[in-house]
Amino acid sequence: MRLHGLDLELTGWFQVAWSGDIGPEQVVPLRYFGRDLVAYRGKDGVVRVHDRYCRHLGASLAHGGCVVDEGIQCPFHGWIWAPDGHNVSIPYQERPNKARKLGTWPVVERNESIHVWFDHAGREPYWDVPDALRGTAQAAEREFHPAWPDGREHATDLRVHPQMVVENAVDPHHFRFVHNTPISPVVLQERVEGPEWRARVGFGKRWRDHSHDEHGALRTDTMNTIDILWSGIGVSVNVEHMREGVRVITINVTPVEDGRSELFATYWIDRSGDEATYRRRLADAKLALPDDIKIWNHQVFLDPPALATEEGRGFRRMRQWARQFYPGDVAGNGPTGIDDTRAPGTEKLEAGAP
Ligand code: FES
Ligand SMILES: [Fe+2]
């Protein structure tokens with residue numbers, strides 16, 4: 001893991017656009033993962049993403065290419081490339097070129113967002129993009145205002161590594177300082193399953209002091225909680241249940257170049273109030289993230305970090321989990337800090353260490 005730069009070899013789903021960015025039969029240039037890409041919405045309405053340069057003589061399909069029935073047509077000599085990357089037509093020759101294939105990227109359009117699967121080893125997707133609005137009971141039972149066009153923020157030219165953002169899920173103590181909450185929230189629940197990390201965080205004294213009922217079971221209500229889901233380290237869903245209702249926020253960081261990234265944030269507010277209430281709640285929902293970005297954008301990645309005793313387990317578990325998204329499976333090549341085979345109990349020594 002090379003956190004002084006930005007890994008261009010992370011595996012997972014990464015957001016590259018919003019649905020509204022790619023209209024019917026529209027062709028757009030994209031640049032992510034250190035590569036030039038082209039995206040278009042086919043006549044069937046489905047978005048495809050390919051390597052940008054025509055395999056004939058290298059023209060950019062994103063600059064003048066057009067959508068035709070069979071796929072995308074190059075502006076230079078009219079060769080047509082099918083959604084699976086095969087050449088299906090050379091307009092001045094009877095047979096297409098069977099040998100050359102245009103690089104093709106798996107795409108999922110969900111929750112008004114376009115996600116691309118990236119895997120350095122070229123593996124097919126082995127998990128799916130979560131449905132942000134249907135993944136938890138408190139969101140599934142509500143209707144939401146569409147996020148497009150006002151419920152989104154696109155921060156570009158960042159040096160924020162996705163790893164720094166994912167670690168938010170185990171970092172309740174930054175809330176007091178970055179977001180001015182009177183007391184730190186508490187992590188109530190954590191569940192890790194394959195590429196998914198789920199956590200519930202409770203805000204306020206009631207959760208701090210009375211998180212469990214008289215039988216020792218975690219309370220099941222969700223008022224003043226955030227349910228966090230990380231699906232890989234590129235896609236996150238935050239379902240926030242506050243007094244005014246439920247809001248769902250996705251915060252997705254996508255590598256662009258070595259050392260540079262973009263962040264896509266999307267905000268859905270439930271339809272419980274009038275238009276003015278919606279506007280105010282949307283503005284409120286957007287307040288927190290810029291404060292986080294200010295920190296992340298200037299942060300360096302410490303390995304190992306100096307953790308307070310109560311932070312140790314969460315951070316180490318998170319880094320261990322995140323390791324699956326980095327290339328290679330050997331200890332030295334995972335996210336650093338998680339080749340931690342120290343015996344349990346040694347974390348005490350670490351608290352407060354530089
Ligand atoms: S460069 Fe694309 S058809 Fe010639
Ligand atoms: Fe934060």
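Author: Let's start with a definition: two strands pair if DSSP finds at least two bridges between them. Keep in mind that this is a predicted model.

Reader: What makes β1 and β11 a pair?

Author: Six bridges join β1 to β11 (residues 113-118). The cut-off is at least two bridges, so these strands count as paired. They run antiparallel, and in this pairing tryptophan 13 stands opposite tryptophan 117 in β11.

Reader: Why are β1 and β10 called edge strands?

Author: Because β1 (12-18) and β10 (107-110) each pair on one side only. The three strands of this open sheet come in the order β1-β11-β10, with antiparallel pairing. From one strand to the next, the twist averages 30°.

Reader: How do you know that β13 and β14 are paired?

Author: Count the bridges again: seven join β13 (residues 186-193) to β14 (residues 196-202). Pairing takes at least two, so this one qualifies too. Valine 192 stands opposite tryptophan 197 in β14. The hairpin has two residues between the strands, and glycine 194 takes a positive phi near 55°.

Reader: Which residues touch the most other members of the largest nonpolar core?

Author: Leu30, Val38, Ala39, Val116, Ala169 and Val248, out of 75 residues. This core draws at least three residues from each of domain 1 (13-118) and domain 2 (309-350).

Conventions: Residues are numbered from 1 along each chain as its sequence is written. Chains are lettered from A and ligands numbered from 1 in the order in which they are written. This is a predicted model: local features need pLDDT of at least 70, side-chain atom pairs count only at pLDDT 80 or more; totals for chains, interfaces and linings use all residues. Helices (H or I, at least four residues) and strands (E, at least two) are DSSP runs, numbered from the N terminus. A nonpolar core is a set of buried Ala, Val, Leu, Ile, Met, Phe, Trp, Tyr and Cys residues joined through C-beta atoms within 7 Å. A residue is buried if 20 or more other C-beta atoms lie within 10 Å of its own, exposed if 12 or fewer, and partly exposed in between; C-beta atoms are placed from the backbone. Domain bounds come from an automatic or database domain assignment. Axes are lines fitted to C-alpha atoms, for helices over the stretch in contact, and angles run from 0 to 180 degrees between N-to-C directions.
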